[in-house]
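Work through the exercises below with the sequence and the coordinates open. Each task is followed by a solution in steps.

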Amino acid sequence: MTLDLFETGRFYADGGAMFGAIPKTAWRRRYPCDEYNSCLLAMRCMLVRPGNGRVVLVDAGCGDKQLPQLGYYRFTGLKSLEAELDTRGVSCEQVTDVVLTHLHFDHCGAATLRDKDSGLVRPAFPNAVYWVGEAQWQNFIQPHPLEKDSYFTENMLPVVAAGKLRLVTEDTELCRGVRLRLYNGHTPGQLAVYADTATETVVFAGDVVPLAASVSLAWISAYDLSPLVSYSEKIRMLDEAVTQGQRMVFCHDTYTVSARIKKSGSFYKAYDCEQEGGAPAPLQDKDAVNPVKIKKL
């Protein structure tokens with residue numbers, strides 16, 4: 001098996017939204033922000049070649065179809081998914097499986113593309129089967145009002161029209177060495193991908209654990225529809241990562257690509273981190289905005 005991790009670009013999201021109830025004085029020490037309180041997030045994808053003829057792409061970034069409507073997110077450094085695959089010796093026609101962790105625009109936008117001549121939208125990977133959690137698909141078709149702005153029907157309906165959509169109702173082995181597992185909380189029916197390499201199991205965690213800082217249980221995004229469920233699902237994922245020595249990929253962390261997880265008491269921590277180039281130095285307490293000193297009672 002060969003496995004490649006790469007980015008399709010970055011965007012900014014509000015730090016308060018990314019870390020929910022955690023105060024800025026705490027999260028800013030572990031993830032930097034700019035003067036607008038915005039955190040720079042990656043759109044990371046994974047390419048898995050299990051050695052059996054399958055070519056599996058996990059997530060697809062935002063693409064370019066909805067950029068005018070999504071200006072708030074200040075996308076930067078966008079890369080062509082086709083070009084990124086080409087640099088790895090893979091054409092769009094060779095991709096056999098596209099696994100979409102969920103259907104928010106930053107994960108599936110480039111799953112389809114608009115033809116420059118006809119203006120019609122079609123699947124970007126004509127020979128691939130697209131795998132989506134069934135509960136996620138139902139949420140995509142009839143979204144909750146709090147989530148509907150994250151969904152664009154043109155990202156997926158052409159896949160249905162082409163007969164390429166496969167819905168996952170239970171944990172599934174896609175092929176030998178590649179497993180799909182269902183998790184809820186951030187959104188219903190999210191898929192996490194488990195790839196068994198020769199040396200370790202790599203977990204593409206999606207938005208179950210989007211950042212290295214999110215390993216801390218209470219650090220749950222305000223974007224999560226069901227934070228109490230997210231808390232339990234994180235424990236389920238992290239406990240297995242600890243006991244089985246799995247490596248976790250953080251799809252949105254600009255600075256930390258992946259890490260192993262260790263547990264001390266009831267606390268989890270990322271270690272053996274694979275850093276992206278140019279990772280910032282951790283902020284110290286003195287760097288925090290309006291630091292608060294807690295008095296012991």
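**Exercise 1. Describe the largest pocket of this predicted model by its lining and its volume.**

Step 1. The lining of the largest pocket has 26 residues. Nearest the pocket centre lie D64, S80, L81, A110 and L113.

Step 2. Assign the lining to secondary structure. At least two lining residues come from each of α3 and β5 (112-114). Strand β5 gives the largest share, three residues.

Step 3. The space in the largest pocket comes to about 560 Å³.

**Exercise 2. Find the cavities of 30 Å³ or more and list the residues that line the largest cavity.**

Step 1. Searching the whole structure with this volume limit gives two cavities.

Step 2. The largest cavity holds about 60 Å³ of space.

Step 3. Its lining consists of M18, D207, V208, P210, L211, S214, W219, I220, S221, D224 and K234.

**Exercise 3. Identify the residues that touch the most other members of the largest nonpolar core, and the elements that contribute to this core.**

Step 1. This core has 28 residues, and those touching the most other members are L85, V95, L100, L103, F125 and M156.

Step 2. Two or more core residues come from each of β2 (38-49), α3 (81-87), β7 (129-133) and α5 (134-141).

Step 3. Take M156 as the example. With neighbours within four places in sequence left aside, M156 contacts L100, L103, T112, V132, W137, F140 and L165.

Step 4. A separate core of 21 residues lies apart from this one and includes M43, F75, F152 and Y255.

**Exercise 4. Count the aromatic pairs, then classify the pair Y72 and Y73 and the pair F140 and Y151.**

Step 1. Over the whole structure, 13 aromatic pairs are found.

Step 2. For Y72 and Y73 the ring centres are 5.0 Å apart and the planes stand at 80°, so this pair is edge-to-face. Y72 has 55% relative accessibility and therefore counts as exposed, whereas Y73, at 16%, is buried.

Step 3. For F140 and Y151 the centre-to-centre distance is 5.3 Å and the angle between the planes is 80°, again edge-to-face. Because F140 belongs to helix α5 and Y151 to the loop between α5 and α6 (157-161), the pair ties together parts eleven residues apart in sequence. F140 is buried at 3% relative accessible area, and Y151 is buried at 8%.

Step 4. Y72 and Y73 also belong to one aromatic cluster with F11, F75, F105 and F152.

**Exercise 5. Which charged residues sit over the rings of Y194 and Y271?**

Step 1. Over the ring of Y194 sits the charged end of R181, 4.6 Å from the ring centre.

Step 2. Over the face of Y271 lies K262, 5.6 Å from the centre of that ring.

Note on methods
Residues numbered from 1 in each chain as written. Predicted model: local features only at pLDDT ≥ 70, side-chain atom pairs only at ≥ 80, totals over all residues. Heavy atoms only, no water. Core = buried A, V, L, I, M, F, W, Y, C linked by side-chain atoms within 4.5 Å. Buried < 20%, exposed > 50% of the residue type's maximum accessible area, 1.4 Å probe, protein only. Helix = DSSP H or I, 4+ residues; strand = E, 2+ residues; numbered from the N terminus. Contact = heavy atoms within 4.5 Å. Phe/Tyr/Trp six-rings, centres within 6.5 Å; stacked < 30°, edge-to-face > 60°. Lys NZ or Arg CZ within 6 Å of the ring centre and 35° of its normal. 1 Å grid on protein atoms, 1.4 Å probe; cavity = no way out; pocket = protein on both sides within 12 Å on 5 of 7 lines; lining within 4 Å. Points joined across faces, edges and corners; volume = space filled by probe spheres on them.
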